[in-house]
Structure formats: structure tokens, C-alpha cells
Amino acid sequence: EQALEAALDDEVRHGEKEPTPTPPLPGNVRLLAKGQRQCLLYVLESALDDGFWGVNRVIVDELKSQPLPWALVLLNANRAGGYWFTGPQVLERLEGSWRPIVSSGPNYEVRAPAGVAGGQAFPSADALLPLLAQLMAGRR
């Protein structure tokens, strides 16, 4: 937590106020705030060794309508790190390389390694901190 605060203090521009999103947010979306800076994280976890996630198009559309920067974090229960995708990267992949799961409504299949290509891999939670700082500073 202290490492996150230090990283954000270095990156955050003070004195700017962003509007907060309209609650309620889905259970796997988190609002992060540091001072007046805010962002949204859509977090999914895979229990499979190879990594398999279902990205929900309805949630992505809701995030897209928010005035805050957002990102997708894909975690693997069997590994310390995961993958990071900015909002624009997620939208691009929903229109391209990620395919709908036919039996799963609005969910799109993301399967490692091909589905995470182009995402930012991070080996640990500490490596995620600079990405969060950039997002909160408004750099997507």
C-alpha cells in the first residue's frame, strides 16, 4: 500500500477534479482513488494454469460510458502476476481478436497466450503499481 501511494504521489497531477462514476459498479469493477484522481479497474481471475477469462461486453460498455480512465486486469490464481489492458486496447480486441463465447451471452474469450498478446504482462503486484499510476494520471 505504501509503495502504491509513493508511486501515485510521483505521477498524479494535483488540483484536477474528475467526476465520479454513477454507482453501482459491477462486483469485479473497482473504483480507485488517490486524492482527486480516480480510475476504474475491471479485474478477472482465471483458475486455469494456462489462463482463460471471459470478458463481459456489457461491463465493458458500461466502463466505456464512464468519464474515468479504466483498464482490464487479468489475474491467474496459480501465478503472482497477470496482464494489463487499457480501455482502448480492450475495445480494439473486442472488435478483433477476442471472440464471443457462444454459450455465454455477452462474454468474450481471452485465452493465454494468444489472447493476451499485446497486453502488458506484469510479474507481481509491485509491477502493477506504475501502470496504475499512469492510468490515474490520465495516461491510457
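**Aromatic pairs and strand pairing in a predicted model**

Trp98 is buried, with a relative accessible area of 1%, where buried means under 20% relative accessible area, exposed means over 50% and partly exposed lies in between, computed with a 1.4 Å probe on protein chains only. The structure is a predicted model, in which local features need pLDDT of at least 70 and side-chain atom pairs count only at pLDDT 80 or more, while totals for chains, interfaces and linings use all residues. Residues are numbered from 1 along each chain as its sequence is written, and side-chain values use heavy atoms, with hydrogens and water left out.

**Aromatic pairs**

- Rings of Phe, Tyr and Trp (its six-membered ring) pair if their centres lie within 6.5 Å, and planes under 30 degrees apart count as stacked, over 60 as edge-to-face and the rest as tilted; by this rule there are two aromatic pairs.
- Trp53 and Tyr83 form an edge-to-face pair, with 6.1 Å from centre to centre and 80° between the planes.
- Because Trp53 lies in strand β3 (residues 52–56) and Tyr83 in strand β5 (residues 82–86), this pair ties together parts that are 30 residues apart in sequence; helices (H or I, at least four residues) and strands (E, at least two) are DSSP runs, numbered from the N terminus.
- Trp53 is buried at a relative accessible area of 2%, whereas Tyr83 is partly exposed at 25%.
- The rings of Phe85 and Trp98 have their centres 5.3 Å apart and their planes at 80°, so this pair is edge-to-face as well.
- Phe85 in strand β5 and Trp98 in the loop between α3 (87–94) and β6 (99–100) are 13 residues apart, and their pair links distant parts of the chain.
- Phe85 counts as buried, with 0% relative accessibility.

**Strand β4 and its partners**

- Six of the seven residues of strand β4 (residues 70–76) are buried, so this strand is largely enclosed by the rest of the structure.
- Two strands pair if DSSP finds at least two bridges between them; strand β2 (residues 37–46) runs parallel to β4 and is joined to it by seven bridges, with Leu41 standing opposite Ala71 in β4.
- β4 also pairs with β5, in the antiparallel sense and over five bridges, and the bridge partner of Ala71 in β5 is Thr86.
- β4 and β5 form a hairpin, with five residues between them.

**Leu131 in helix α4**

- Leu131 is found in helix α4 (residues 125–136) and is buried, with a relative accessible area of 13%.
- Leaving aside residues up to four places away in sequence, Leu131 touches Trp84 and Gln120, where contact means heavy atoms within 4.5 Å.
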